[in-house]
4 protein chains.
Amino acid sequence: MLEELKEAVLAANQELPKRGLVTLSWGNVSGRDASTGLIAIKGSGVPYESMSIDDIVLVAEDGSTVEGRRRPSTDTPTHIALYKGLAGTGGVVHTHSRWAASWAQARRPIPLLGTTHADFCVGPVPVTAPLGPEETWSDYEGGTGAAIIRALAGRKPSEVPAVLVSGHGPFCWGGNAAAAVEAAVTLEAVAEMAWLTVALAPGGELLEEHIAERHFSRKHGPGAYYGQA
Amino acid sequence: MLEELKEAVLAANQELPKRGLVTLSWGNVSGRDASTGLIAIKGSGVPYESMSIDDIVLVAEDGSTVEGRRRPSTDTPTHIALYKGLAGTGGVVHTHSRWAASWAQARRPIPLLGTTHADFCVGPVPVTAPLGPEETWSDYEGGTGAAIIRALAGRKPSEVPAVLVSGHGPFCWGGNAAAAVEAAVTLEAVAEMAWLTVALAPGGELLEEHIAERHFSRKHGPGAYYGQA
Amino acid sequence: MLEELKEAVLAANQELPKRGLVTLSWGNVSGRDASTGLIAIKGSGVPYESMSIDDIVLVAEDGSTVEGRRRPSTDTPTHIALYKGLAGTGGVVHTHSRWAASWAQARRPIPLLGTTHADFCVGPVPVTAPLGPEETWSDYEGGTGAAIIRALAGRKPSEVPAVLVSGHGPFCWGGNAAAAVEAAVTLEAVAEMAWLTVALAPGGELLEEHIAERHFSRKHGPGAYYGQA
Amino acid sequence: MLEELKEAVLAANQELPKRGLVTLSWGNVSGRDASTGLIAIKGSGVPYESMSIDDIVLVAEDGSTVEGRRRPSTDTPTHIALYKGLAGTGGVVHTHSRWAASWAQARRPIPLLGTTHADFCVGPVPVTAPLGPEETWSDYEGGTGAAIIRALAGRKPSEVPAVLVSGHGPFCWGGNAAAAVEAAVTLEAVAEMAWLTVALAPGGELLEEHIAERHFSRKHGPGAYYGQA
């Protein structure tokens, strides 16, 4: 079933170590089939080096496995919550990438300091509020998805393609699995440059709003003129 | 047309990911043919992995495409402004390389702290003043070129082969596309070492002027004795 | 003798440079055969590039060589002390990996700042007290093992799979040589992210205890649900 | 002439980019033949990628070229001064390696913070005093060699195998060219870990003297027991 989706999700997962975004088996990418609502996701704890199409699991929106020999990623309920809550999302990725995870551990949103950030995201990259003990013990992964959606505070998922989970690491999304991985690559570069910048300019140097808007609109929306038509 | 120039510009663009200077499709190199004034530049948003000679576009000094199936880089007007304003320039490169971009985001010129810098550039690497809203919305890329030239403040382009665009990243230049990329490689090393140095010596430790002059003159000008004759 | 153990120890040693954990010949992995009590360990000062099964030495618990042409690692008495003192340990690794060694040199335990750490270790990663002159000159390597066991202060080795030796670097352990190397890889990532985090949030942002417990229990113990059954 | 020496010097130069110690053509290794006193050194500005035995030049102690088509490295007079001034030295290397150069640019000796340093060098790694204008203009490279020897202040070259040239970068040495490169690799690791450590422990945490002595004596001198007999 859905061979093309599974192949795309496999390729997107394999991209993570190539891009330096994962260590060992930490991290997972999923993709969603819009017509059936089924989600293809990496099996839990599967190492990237030996991963094959048989390590990709198909799950329904209720979390049940539809196809696959593997147990799906433990983070599957977070992915499902994001597909339900973030309109237009066809791919989700979670990593512990170093620079983004450091902002998440410091509980600091990534401030908009430059055009690399502005090309990617409108405003700062938010951090979730930590889950309380009850939610942590009853529905940790689903609750994490809900916390991410709350952190967006009504901002559009296409304008804020990433959220930092407090004390944990980033979740990113896009129209499909490859776009979600591209968001994760971009977020990591943005997180690194912001880290290096605040060390040089501790008071912060926010990008001018007109330059931020101009940059986002070069790449996104009806007036975009970046890339090939 | 100008096959040799296009091949040189293709090779110079391909050098960027090998040197760790670009992520995804961010960055572009151009080269100028002195006799016709035509500029060869990378197509907008083209990924480096699959780039071929067909992704290099020839543009005239008025920005119109003379040859090529691709839309040229969105930064083309900045490149054109630099060729016009910086005498003797035959190659221009723009990247979001991490260390240089961090100085640009912090709005701090890179101070002359050591001989690696002195071998490359006379005095600090300047940062542009940010564009105002009007210029940003009317002619963002051309205005960026003008801001770079203003930041040089009359210093010679052969003695200051790079400028940091405030909140954005570096533009570098040289006699041809390969020389511009060599400047970008050097700038990134200089930016990294300066970052590491100011963390150890926050008050700064400027290089003695006589040592800076001696180093620049070892590599440049009539008394140069570095390299092979 | 014990060919399988020696092969596993060779492979685990070769994993260290692949994971970026060692420079030159610094570092060593051993594995213990539970039935005979014999330990297979890397020869002292052997370079990783040319290492073969003949560079792995079998030693008894009294430190005497049972098989092998090489002198065993100078750190062998530390490994032996850990096998004796840490119940259930079948593999030990020592490196000078950069981030972990920096915490060791700063004499600071690594605080529990995020879920990557919580997945791996209950509470902070401890630092040993420095050895006094007498122990240093009479039994430096054995004394180092004893200091590591003292630093655990009764915490379970399966819940604290690493200790930083003050002014030196990490020792890590696990059920076998491969598990010990996985602990060393994880520790280095944890050390790096903690370093980056404290620079952003100098006051520290400890992970909530309920989230730390939830994460450790996702991966370890009877209720674990991470990975494949 | 001296084919074996030239091959060893070529291999040692080629090791620099493999170890991440050089960018572009910055850096050079030489080796000295004890019986003739001749020195084999890299040609000036030669790129590492295409370097061959023909790019290695033989020079006499007065700096004159004895064999080779290339102009020798501009730093040749510094190498010669070190061979003359540092007894037992058979190999010298100069790089602009990032972490060591940052300490050099900050004008700070690298403090002895851990055992990686103690295994390598007795006491801190010194920094030279800057040359005055007169020496800079009359005999910059020879004066740099003299400044390095002064910075040792009578300490033994076998116990202090590296000095940082103020505002510039490291020079390292050893019994032959390969040993000098090993010193450069070690120095860079030591410089990186010291940098990371002082950020965590700004007041510094010097290694206990008895541990430093024990470590140096494990690897050097009559009581050494590290490595194979």
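This is a predicted model: local features need pLDDT of at least 70, side-chain atom pairs count only at pLDDT 80 or more; totals for chains, interfaces and linings use all residues.
Me: In which loop of chain B does B:Thr74 lie, and which residues does B:Thr74 touch?
Reply: B:Thr74 lies in the loop between strand S4 (65-67) and helix H2 (76-85) of chain B, and with a relative accessible area of 7% this residue is buried. Not counting residues up to four places away in sequence, B:Thr74 touches A:Arg218, A:Tyr225, A:Tyr226, B:Ser44 and B:Glu141.

Me: Which residues are linked with A:Asp75 in a network of salt bridges?
Reply: The side chain of A:Asp75 meets that of C:Arg218 in a salt bridge, at 3.5 Å from N to O. The network of salt bridges that holds A:Asp75 also links A:Glu141, C:Arg214 and C:Arg218.

Me: How many salt bridges does the rule find across the interface of chain A and chain C?
Reply: The contact takes 34 residues from chain A and 37 residues from chain C, and across this interface the rule also finds 20 residue pairs in polar contact, both at pLDDT 80 or more. A search of the whole structure gives 44 salt bridges over all chains, while across the interface of chain A and chain C the number is five.

Me: Which helix gives the most to the side of chain C that touches chain D?
Reply: Between chain C and chain D the count is 20 residue pairs in polar contact, both at pLDDT 80 or more. Helix H3 (98-106), helix H5 (133-152) and helix H6 (177-200) of chain C each supply at least two residues of the side that touches chain D. The residues of that side of chain C divide into 14 nonpolar, 13 polar and seven charged. The helix that gives the most to it, with seven residues, is H3(C).

Me: Which residue of chain C forms a salt bridge with D:Glu192?
Reply: The count between chain C and chain D is five salt bridges. In the one that D:Glu192 forms, the closest N and O atoms are 2.5 Å apart, and the partner is C:Arg98.

Me: What rotation axis relates chain C and chain D, and which C-alpha of chain C is nearest the axis?
Reply: A rotation of 90° with 0.0 Å of shift along its axis superposes chain C on chain D, at an RMSD of 0.0 Å. The two copies are therefore related as by a four-fold rotation axis. In chain C, the C-alpha nearest the axis, 5.9 Å from it, is that of C:Ala199.

Me: Why are D:Lys6 and D:Glu3 separated by about one helical turn?
Reply: D:Lys6 forms a salt bridge with D:Glu3, the closest N and O atoms being 3.1 Å apart. D:Lys6 is buried, with a relative accessible area of 6%, whereas D:Glu3 is partly exposed, with a relative accessible area of 44%. The separation is about one helical turn because D:Lys6 and D:Glu3 are three residues apart in helix H1 (residues 3-18) of chain D.

Definitions and conventions: Residues are numbered from 1 along each chain as its sequence is written. Chains are lettered from A and ligands numbered from 1 in the order in which they are written. Side-chain values use heavy atoms; hydrogens and water are left out. Contact means heavy atoms within 4.5 Å. A salt bridge is a side-chain nitrogen of Lys or Arg within 4 Å of a carboxyl oxygen of Asp or Glu. A polar contact is a pair of N or O atoms within 3.5 Å; within protein, one must be able to donate a hydrogen and the other to accept it, and residues adjacent in sequence count only if both atoms are side-chain atoms. Helices (H or I, at least four residues) and strands (E, at least two) are DSSP runs, numbered from the N terminus. Ala, Val, Leu, Ile, Met, Phe, Trp, Tyr, Cys and Pro count as nonpolar, Asp, Glu, Lys and Arg as charged, and the others, Gly among them, as polar. Buried means under 20% relative accessible area, exposed over 50%, partly exposed in between (1.4 Å probe, protein chains only). Copies are superposed by least squares on the C-alpha atoms of residues with pLDDT of at least 70 in both.
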